[in-house]
Amino acid sequence: MCSPAALLYKPIDRVMRSTLVLHDLLKHTPADHPDYPLLQDALRISQNFLSSINEDIDPRRTAVTTPKGEARQLVKDGFLVEVSEGSRKLRHVFLFTDVLLCAKLKKTGVGKHQQYDCKWYVPLADLVFPAPEETEPCAQVHPIPDHELEDMKMKISVIKSEVQKEKAGKGQSRAIERLKKKMFENEFWLLLNSPTIPFRIHNRNGKSYLFLLSSDYERSEWREAIQKLQKKDLQAFVLSSVELQVLTGSCFKLRTVHNIPVTSNKDDDESPGLYGFLHVIVHSATGFKQSANLYCTLEVDSFGYFVSKAKTRVFRDTAEPQWNEEFEIELEGSQSLRILCYEKCYDKTKVNKDNNEIVDKIMGKGQIQLDPQAVQTKNWHMDVIEMNGIKVEFSMKFTSRDMSLKRTPSKKQTGVFGVKISVVTKRERSKVPYIVRQCIEEVEKRGIEEVGIYRISGVATDIQALKAVFDANNKDILVMLSDMDINAIAGTLKLYFRELPEPLLTDRLYPAFMEGIALSDPAAKENCMMHLLRSLPDPNLITFLFLLEHLKRVAEKEPVNKMSLHNLATVFGPTLLRPSEGESKGHPTLASDIWSHDVMAQVQVLLYYLQHPPISFAELKRNTLYFSTDV
């Protein structure tokens, strides 16, 4: 006979099973079938119901009794980076019904029971979130330069591909373990050093604590969970050393997050996530109670943590924003997409002293799993995320990396996109294609101080509109350029180079560039790399040198635009060098192989020229006399 508790669980079990059935039905129902939207709605309702049940059930994890005699329960826990004594430390933070406890795992001997060491605790009755304008600027830890973070991601990708190769070749388990250990160390470094979003907690009795997070979504989750508990009648207290020991001792068995969130902690049978490009159109939002200045940001997880990847424009003074903006987001082992909706704050007094940024108010947030089966279709897949009574409509489709990076020559040779650079310069009677000159001129006029210029995606529809006018050689190009968002102009320039039927630095010379950059002797490398430039056709060489000088001028403004030479090399390297024919023809490689070695080398080639003293066309050609031009 079933116990009453088991009987109560039966309806939930039925909903769980029907949710799985609905998921399968959706997978096999064509998107244009009349039942498709009904199945979507049913699945969404089921999932929302289950997540609300989980929220209610999960916190019932009892530790010890509170000073009021009630059971103290664990509500939330997770790993956060704390700034302590001027350096970053990874902490495990536990939120109980009446106290926030910050701990770290003690180092224990083999076979010994693992335990936590309490670093500090704040009773929720004493915990306050200082308003941005109230925070005192703290001794800030210097952020790690972007290029070091990018380098580390590349190293992790290379190790991942080596692990896959070892497994495929039935390599020694010891070699695999050694690689995995190295990967864990690198991922741990990345987890510790990449977060920059400040989350400050203040104890009324005087002490302040600062965490750094990589995701505003996560910061909001922690703040909301604490504020929800603070609505109850809470009392201030001081834990005796015995009480603190008992509470800290309970953390190990109560914790819900067991592993540091890095991909090397995943089991082999867990989904590796998606690698490629997610195209997302943020359509509109409804459900706001009053008009406001509204925008959305998109976050995806990569390398174990979430990062913000795109941001819509601010739709002013409306309760029904219609953004209709499309973004291309690079996925690196991603499994979830998060959308956050903000009200823009223009009040200069509301500046966070920890990072000098104005704090905008989160109106709502939500996330969806990126189901590989559902996403990997050629058609757009429309969806809705519901958040605090707000509904955000969006569409998405996924392109695998090899598909999105194919260079396909244009069928019509009258335009400029997908047409050989020599054909365009000859037709225009120019040394550098008009599109390159105009986009660079506009970026230098009003985008050179734009934060993340060339890194932040422009709106895809704007880029396509610019592509169309350049292809048609429309007379309104200059007017359109002066009105267009600068990120769209930067995106158009990148797209032009990406769609060249062969890379700017040519297919023929690609193997030689790869060999040249690998040379260890500086003099031999210099000779080889300059010789390769001389071997380029004139239109390619002149355009490359023109772009090179522009990128150097952009990097001069790095303190303002946050774009270093390395960042620019990461953005443009593969675009200028990637061969038109896929190199991976022999055997199918895993997506997480990520063309890593090639990409690293492509970035290094461009970085070499960016860091080189000015290179002039005349000087190079003068030296041609001393060198053979055969490569």
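Is Asp 538 buried, partly exposed or exposed? Asp 538 counts as partly exposed, because its relative accessibility is 36%, which falls between the cut-offs of 20% and 50%. The model described here is predicted.

## Salt bridges

The whole structure holds 18 salt bridges. In general, side chains of opposite charge can pair when their charged atoms come close.

Asp 538 takes part in one of these pairs, with Lys 621, and the closest N and O atoms are 3.3 Å apart. Asp 538 belongs to helix α16 (residues 538–556) and Lys 621 to helix α20 (residues 617–622), so the pair ties together parts that are 83 residues apart in sequence. Lys 621 is partly exposed, with a relative accessible area of 29%.

A second pair is Asp 360 with Lys 344, where the closest N and O atoms are 3.6 Å apart. This pair links distant parts of the chain, 16 residues apart: Asp 360 is in the loop between β16 (357–358) and β17 (361–369), and Lys 344 is in the loop between β14 (336–343) and β15 (351–352). Asp 360 is buried at 12%, whereas Lys 344 is partly exposed at 22%.

Lys 153 and Glu 150 also form a salt bridge, with 3.8 Å between the closest N and O atoms. Both residues lie in helix α3 (residues 146–168), 3 residues apart, or about one turn of the helix. Lys 153 is buried, with a relative accessibility of 14%, and Glu 150 is partly exposed, at 27%.

## Nonpolar cores

The largest nonpolar core has 70 residues, and Tyr 454, Phe 497, Phe 513, Phe 544 and Tyr 609 have the most contacts inside it. Beyond its neighbours within four places in sequence, Tyr 454 is in contact with residues including Val 443, Leu 493, Leu 551 and Phe 572. Another core, of 28 residues, lies apart from it and includes Leu 274, Val 280, Cys 341 and Met 396.

## An open sheet

Four strands form an open sheet in the order β13-β9-β19-β18, with antiparallel pairing. Its edge strands, β13 (322–334) and β18, each pair on one side only. From one strand to the next, the twist averages 30°. Strand β9 (residues 274–286) pairs with β13 over 10 bridges, and Leu 278 stands opposite Ile 329 in β13.

## Two positive phi values

Asn 388 is not a glycine, yet its phi is positive, near 45°. Asn 388 sits in the loop between β18 (381–387) and β19 (390–400) and is exposed, at 60% relative accessibility.

Thr 506 likewise has a positive phi, of about 70°. Thr 506 is in the loop between α13 (486–498) and α14 (510–517) and is buried, at 6%.

How values were computed
Residues are numbered from 1 along each chain as its sequence is written. This is a predicted model: local features need pLDDT of at least 70, side-chain atom pairs count only at pLDDT 80 or more; totals for chains, interfaces and linings use all residues. Side-chain values use heavy atoms; hydrogens and water are left out. Buried means under 20% relative accessible area, exposed over 50%, partly exposed in between (1.4 Å probe, protein chains only). A nonpolar core is a set of buried Ala, Val, Leu, Ile, Met, Phe, Trp, Tyr and Cys residues joined through side-chain atoms within 4.5 Å. Contact means heavy atoms within 4.5 Å. Two strands pair if DSSP finds at least two bridges between them. Axes are lines fitted to C-alpha atoms, for helices over the stretch in contact, and angles run from 0 to 180 degrees between N-to-C directions. A salt bridge is a side-chain nitrogen of Lys or Arg within 4 Å of a carboxyl oxygen of Asp or Glu.
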